[in-house]
Amino acid sequence: MSSLIKILPDHVINKIAAGEVVERPASVVKELIENSIDAGATEIFIDIEEAGKRLIRISDNGSGMSNEDARTAFQRHATSKITDDSDLESIRTMGFRGEALSSIASVSRVRLQSAMKGATSGVLIEIEGGIVKTISEAAAPQGTSLEISHLFFNTPARRKFLKSPATEFSHILTAVSRQAMAYPSIRFRLTHNKKTVLELSPSMSIRERGFQLYGEEIAQNLIEFTGGLDSVHVHGLIGRPGTSRADKTYQDFFVNRRAVKNPSLTHALYSACGDILMRDRHPVAFIFIEIDPMLVDVNVHPAKAEVRFRNQSQLHDLVRDVIREALRGTNVPSAATRNDGVREAVSDYLSRRDGSESDVRSSEYWNKISNSHLRVQNREMEFYTAPVSIPPNSERDAPNDSHLFPIAQIHDSFIIAQSREGMAVVDQHAAHERVLFERLQDQFGAGQVSIQDLLVPGQVELGPAQSTVLAEYLPELSKLGFMVEDFGNGAFVIKAVPALLVGTDYRQLLLDILDEVNVHGKSTRIDEVRDEMLSVMACHPAIKVHRHLERQEMEQLLADLFKCRMPHTCPHGRPTIVRFSLVEIMKMFKRM
Ligand code: ADP
Ligand code: MG
């Protein structure tokens with residue numbers, strides 16, 4: 001019988017590898033920049049045409065390649081970075097799989113020019129679909145330049161899957177930005193269709209690079225942090241509380257300067273942010289982990305985009321604690337630098353008021369509001385902040401909270417207060433939520449939750465999915481003072497509640513807690529779910545908007561608020577206070 005199984009020819013194997021390594025033009029850009037970094041380049045120029053479909057050119061001033069190495073480099077598993085399997089245990093370079101050049105060359109046309117330092121001539125190689133067309137000597141400056149054109153010309157399916165030029169280019173921009181962030185000392189230039197998109201001069205720090213890449217709006221609200229142990233060092237930049245984003249665009253993790261995705265690290269970041277982050281919002285964070293290469297496995301993903309750690313849970317806790325510390329030591333930014341937070345508060349307020357969140361949150365609505373000007377008008381309220389740029393760390397950013405006293409309440413919803421350096425607007429609901437949240441936390445922490453038995457127990461009937469979740473969390477709820485008994489078949493009875501919650505709709509409260517746990521409860525870590533539960537509990541009895549407050553009540557609320565550990569945000573991460581300094585006010589009236 002003839003055999004059915006055959007070893008595939010090299011060009012097919014390369015194409016298969018390309019399927020994993022070269023997903024889109026941005027993957028080529030990433031791999032080639034990595035090669036330039038490994039070659040010790042201090043300058044990397046990236047020229048793109050038609051979002052990489054027409055041309056990707058990466059030129060560097062790195063070590064260059066000899067004529068012989070340049071030929072070998074395009075062969076499968078050709079690498080100068082490791083020699084045997086023990087090297088896999090301690091990878092210190094970006095590349096090591098020896099797959100990028102062979103994969104890229106198998107699905108495109110490649111033109112390579114390279115010259116080593118001091119060499120009298122360089123080398124020129126042209127390859128099409130993996131087949132070498134030309135090899136010759138050619139004069140070239142020191143370094144390497146690779147031109148990739150007609151990407152995916154022989155893999156039409158892959159070509160068809162490419163998204164619009166704008167999307168593909170945005171992937172390229174992200175790839176370049178990540179590498180540039182990891183290597184601030186390297187000069188980068190990125191052009192698209194001959195227009196310069198990024199021009200990054202070598203800089204001394206990631207903070208400065210962050211500024212070059214993401215601009216003042218983001219950079220000025222970043223806190224630099226550092227910490228760690230002997231074998232692991234964690235450092236980076238994290239957004240101040242109140243400066244969250246709607247997506248994760250400005251969030252990267254680097255392990256030994258390699259940009260990676262790792263669920264445990266992401267989890268550590270979000271737990272560090274805890275209750276200062278509003279639901280569905282994301283922190284700005286660039287987190288660098290420098291770790292002994294023996295303690296991390298980088299060989300777990302074809303595009304090297306994932307890693308595995310030996311001591312995953314210790315690292316998780318370390319990263320969480322270092323970031324948490326960094327966030328604790330900060331003040332929220334002033335009104336002028338926190339439009340994000342103001343937007344959230346107004347949007348939330350308005351949506352609660354007319355019940356239609358969609359038109360308030362529509363991007364068109366917000367697009368009308370420029371980043372530095374915030375002006376929102378509504379029949380019932382007006383809200384203005386003026387564009388004033390104030391250094392983020394200046395003295396005036398650390399207001400003396402104890403000197404905040406109420407002048408008036410507006411629209412039965414916000415307290416206007418005078419502070420020593422100007423005025424403040426306090427969201428009465430958010431503020432009271434914070435106060436109750438910390439009281440609940442304190443009672444729980446001290447093991448003294450005061451409980452109120454219900455004379456008439458509340459009954460709840462739940463569906464199978466919710467019953468399962470509730471049954472699972474009953475012990476935790478009872479520790480928090482919420483005594484619920486499971487009668488089977490989805491029937492539950494509420495027997496007692498924390499005294500602070502007396503008078504609220506317990507049934508609704510229980511349902512809300514379930515929702516919250518469902519959304520955030522992917523974590524099985526009870527200490528995290530607990531804060532989610534407490535934040536829902538704090539929301540229910542808190543003073544609502546549209547409730548008139550007497551002066552004495554306002555005074556009490558402000559006094560209670562400033563006894564809190566984190567007075568500036570509600571437990572869901574929304575701001576409680578927006579401040580306007582006299583300087584800002586005078587600037588608004590053009591007195592300065
Ligand atoms: P890897 O980076 O995993 O080693 P690649 O296929 O990306 O595999 O590259 C193969 C080899 O080609 C590298 O190991 C390196 O020796 C050489 N090389 C690639 N790009 C460059 C460059 N820009 N400068 C110098 N040498 C390079
Ligand atoms: Mg490589």
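## Cysteines

C564 is buried, at a relative accessible area of 11%, where buried means under 20% relative accessible area, exposed over 50% and partly exposed in between (1.4 Å probe, protein chains only). C273 is buried as well, with 5%. Searching the whole structure for disulfides turns up zero; a disulfide here is a pair of cysteine sulfur atoms within 2.5 Å.

## Ground rules

This is a predicted model, so local features need pLDDT of at least 70 and side-chain atom pairs count only at pLDDT 80 or more, while totals for chains, interfaces and linings use all residues. Residues are numbered from 1 along each chain as its sequence is written, chains are lettered from A and ligands numbered from 1 in the order in which they are written, and side-chain values use heavy atoms, with hydrogens and water left out.

## The chain overall

The chain has 18 helices and 24 strands, taken as DSSP runs (H or I, at least four residues, for helices; E, at least two, for strands) and numbered from the N terminus. Of its 592 residues, 51% are buried. Take the contacts (heavy atoms within 4.5 Å) between residues at least 6 apart in sequence: 69% of them join residues at least 24 apart.

Accessible areas come from the Shrake-Rupley method with a 1.4 Å probe, and for residues only the protein chains shown count as cover.

## Around ligand 1

Ligand 1 has 19 residues around it, and N35, T79, S80, K81 and G98 come nearest; near means that a heavy atom of the residue lies within 4 Å. By class, this shell has seven nonpolar, eight polar and four charged residues. Here Ala, Val, Leu, Ile, Met, Phe, Trp, Tyr, Cys and Pro count as nonpolar, Asp, Glu, Lys and Arg as charged, and the others, Gly among them, as polar.

Now for the polar atoms. The side chain of D60 has an N or O atom 2.9 Å from a nitrogen atom of ligand 1. On the backbone side, a polar atom of A100 is 3.2 Å from a ligand oxygen, and an N or O atom of L101 is 2.9 Å from an oxygen of ligand 1. Taken alone the ligand exposes 530 Å², and the protein buries 93% of that.

Most residues other than glycine have a negative phi.

Q428 belongs to helix α13 (residues 428-445) and counts as buried, with 0% relative accessibility. Its side chain makes a 2.7 Å polar contact with that of Q409. (A polar contact is a pair of N or O atoms within 3.5 Å; within protein, one must be able to donate a hydrogen and the other to accept it, and residues adjacent in sequence count only if both atoms are side-chain atoms.) A polar side-chain atom of Q428 also lies 2.8 Å from the backbone oxygen of K544. Beyond four places in sequence, Q428 touches residues including D412, F414, H546 and L557.

D560 is in helix α17 (residues 551-561), and its 13% relative accessibility makes it buried. Setting aside neighbours within four places in sequence, D560 contacts V435 and R439.
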